[in-house]
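Please look over the sequence and the model shown here before reading on. The notes that follow are grouped by topic and are meant for a reader who is new to them.

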Amino acid sequence: MEKELRIIISGGGTGGHIFPAVSIANAIKELRPDARILFVGAEGRMEMQRVPDAGYEIIGLPVAGFDRKHLWKNFAVLIKLARSQWKAKSIIKKFRPQVAVGVGGYASGPTLKMAGMMGIPTLIQEQNSYAGVTNKLLAKKAQRICVAYDGMEKFFPKEKIQMTGNPVRQNLLTATRDHESAITSFGLDPKKKTILILGGSLGARTINNTLKAGLQTIKETPAIQFIWQTGKIYHQQVMEAVKAAGNIPNLYVTDFIKDMATAYSAADLVISRAGAGSISEFCLLHKPVILIPSPNVAEDHQTKNALALVNKQAAIYVKDVEAEEKLLPVALATVIDTGKLKELSDNIAKLALPDSATIIAREVIKLGERRNDK
Ligand SMILES: CC(=O)N[C@H]1[C@@H](OP(=O)(O)OP(=O)(O)OC[C@H]2O[C@@H](n3ccc(=O)[nH]c3=O)[C@H](O)[C@@H]2O)O[C@H](CO)[C@@H](O)[C@@H]1O
């Protein structure tokens with residue numbers, strides 16, 4: 001019987017796929033410190049930096065996303081896909097994993113497809129309330145499908161589904177920094193109410209435009225302060241607008257927040273896109289939130305993610321097209337309404353699914369060990 005446990009984890013593209021992958025890896029390491037974990041990502045994407053930052057080895061595939069609007073442009077994408085499958089096969093042959101985990105995003109398609117074809121057990125983690133095309137295809141060969149929302153049997157074979165919730169980074173849950181010192185660390189005033197503005201791991205155009213248009217309002221509301229994450233690609237244009245607006249002491253702007261635990265601790269209210277990972281964090285940390293789902297994602301899945309909360313009075317919903325008109329007035333009214341903040345916090349707390357990473361890690365180890373026994 002082979003004892004060493006080798007696991008491939010594949011996927012990425014955005015934080016929403018990478019961070020769950022890292023927390024599953026951390027949980028596996030806690031349960032089986034001797035396990036060897038290899039990540040397989042997409043060349044040039046965010047995971048190639050974030051995964052080594054988290055202490056894991058990663059190999060990139062030359063994979064790219066399909067252009068769903070201009071199908072004729074996909075010839076090069078198909079060639080890259082074929083090359084990626086070939087490379088995934090050679091990685092699997094060399095590393096000899098007993099189990100492969102797919103977290104969604106470009107690389108998980110070719111990696112899990114090849115793993116399945118080579119007889120290696122696979123586990124899929126679907127973060128959203130609406131399954132992506134790749135995961136639906138991969139589900140046929142998968143042994144286990146870990147989900148975070150009810151009703152996923154619409155997309156996947158019922159007997160393979162396990163409700164686990166989305167894994168969030170362990171340090172978000174164990175952080176101990178108190179509210180006041182968290183606010184001070186952003187150079188803001190601990191006595192004032194604080195709104196944290198997030199655009200998902202990449203930033204959100206509508207939210208940034210709304211805030212840019214609202215800079216004067218922010219300036220004229222000194223009793224409330226703002227921590228604004230712009231995303232890398234929008235950062236420069238936002239900084240130019242902020243500079244042009246003059247001195248705004250109640251505003252902190254950054255492209256990306258590395259220490260999300262401190263940012264959450266500072267926030268009385270969060271404004272955010274409705275990415276599945278972000279939502280799981282709001283639930284686990286009981287954060288009152290205004291959600292503005294991105295209309296630019298596959299099958300409009302963010303609206304479905306958001307409505308799962310909004311229908312239970314666990315979040316406030318502002319449509320993307322209405323953001324410029326409604327977002328700031330709603331946020332300013334909510335953050336000073338202590339009763340509303342408490343109601344939102346109490347309701348969102350009920351939707352939290354804790355220990356997700358550990359539950360998934362146990363499933364992964366079980367699949368790997370079962371194969372070892374064969
Ligand atoms: C545009 C797009 O395709 N978005 C998708 C992507 O979202 P996206 O990559 O934005 O992912 P999520 O909202 O799920 O998670 C964002 C993650 O980034 C972290 N974070 C965010 C900002 C920051 O400054 N620092 C930081 O660390 C958050 O704490 C969170 O852990 O994957 C999600 C999960 O499949 C999907 O639901 C989203 O629809």
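How many residues surround the ligand, and which are the closest? The ligand is surrounded by 26 residues, and the closest are Thr 14, Gly 16, Gly 200, Gly 275 and Gly 277, where a residue is near a molecule if its C-beta atom, placed from the backbone, lies within 6 Å of it. This is a predicted model, in which local features need pLDDT of at least 70 and side-chain atom pairs count only at pLDDT 80 or more, while totals for chains, interfaces and linings use all residues. Residues are numbered from 1 along each chain as its sequence is written. Helices (H or I, at least four residues) and strands (E, at least two) are DSSP runs, numbered from the N terminus.

**The shell around the ligand**

- By residue type, the shell consists of eight nonpolar residues, 17 polar ones and one charged one; here Ala, Val, Leu, Ile, Met, Phe, Trp, Tyr, Cys and Pro count as nonpolar, Asp, Glu, Lys and Arg as charged, and the others, Gly among them, as polar.
- Both domain 1 (6-166 + 354-373) and domain 2 (171-349) contribute to the shell, with at least three residues drawn from each; these bounds come from an automatic or database domain assignment.
- At least two residues of the shell are supplied by each of helix 1, helix 12 (276-285) and helix 13 (301-310).

**Helix 1**

- Helix 1 covers residues 15-31, and its 17 residues should span 24 Å at 1.5 Å a residue, which agrees with the 24 Å between its end C-alpha atoms; the expected span is 1.5 Å times one less than the number of residues.
- Because 14 of its 17 residues are buried, helix 1 is largely enclosed by the rest of the structure; a residue is buried if 20 or more other C-beta atoms lie within 10 Å of its own, exposed if 12 or fewer, and partly exposed in between, with C-beta atoms placed from the backbone.

- Seven strands with parallel pairing make up an open sheet, and their order is 3-2-1-4-5-6-7; two strands pair if DSSP finds at least two bridges between them.
- At the edges of this sheet stand strand 3 (57-61) and strand 7 (161-163), each of which has a single partner strand, so one side of each is left without a neighbour in the sheet.
- From one strand to the next, the twist averages 25°, an angle taken on a scale from 0 to 180 degrees between N-to-C directions, with axes fitted as lines to C-alpha atoms.
- Four bridges join strand 5 (residues 122-126) to strand 6 (residues 144-147) in the parallel sense, and Leu 123 stands opposite Arg 144 of strand 6.

- Strand 8 pairs with strand 9 (residues 224-229) in the parallel sense over five bridges; Ile 195 has Phe 226 as its bridge partner in strand 9, and Ile 197 stands opposite Trp 228.
- Strand 8 also pairs in the parallel sense with strand 11 (residues 269-272), over four bridges, and Leu 196 has Val 270 as its bridge partner there.
- Strand 9 and strand 10 are joined in the parallel sense by four bridges; Ile 227 has Tyr 252 as its bridge partner in strand 10, and Phe 226 stands opposite Leu 251.

**Single residues**

- Val 335 belongs to helix 14 (residues 323-335) and is buried, with 25 other C-beta atoms within 10 Å.
- Although 65 residues separate Val 335 from Val 270 in sequence, their C-alpha atoms are 9.2 Å apart in space.
- Glu 299 lies in the loop between strand 12 (289-291) and helix 13, has a positive phi near 50° although it is a residue other than glycine, and counts as exposed with 12 C-beta neighbours inside 10 Å.
- Asp 300 is found in the loop between strand 12 and helix 13; its phi is positive, about 55°, although it is not a glycine, and with 13 other C-beta atoms within 10 Å it is partly exposed.
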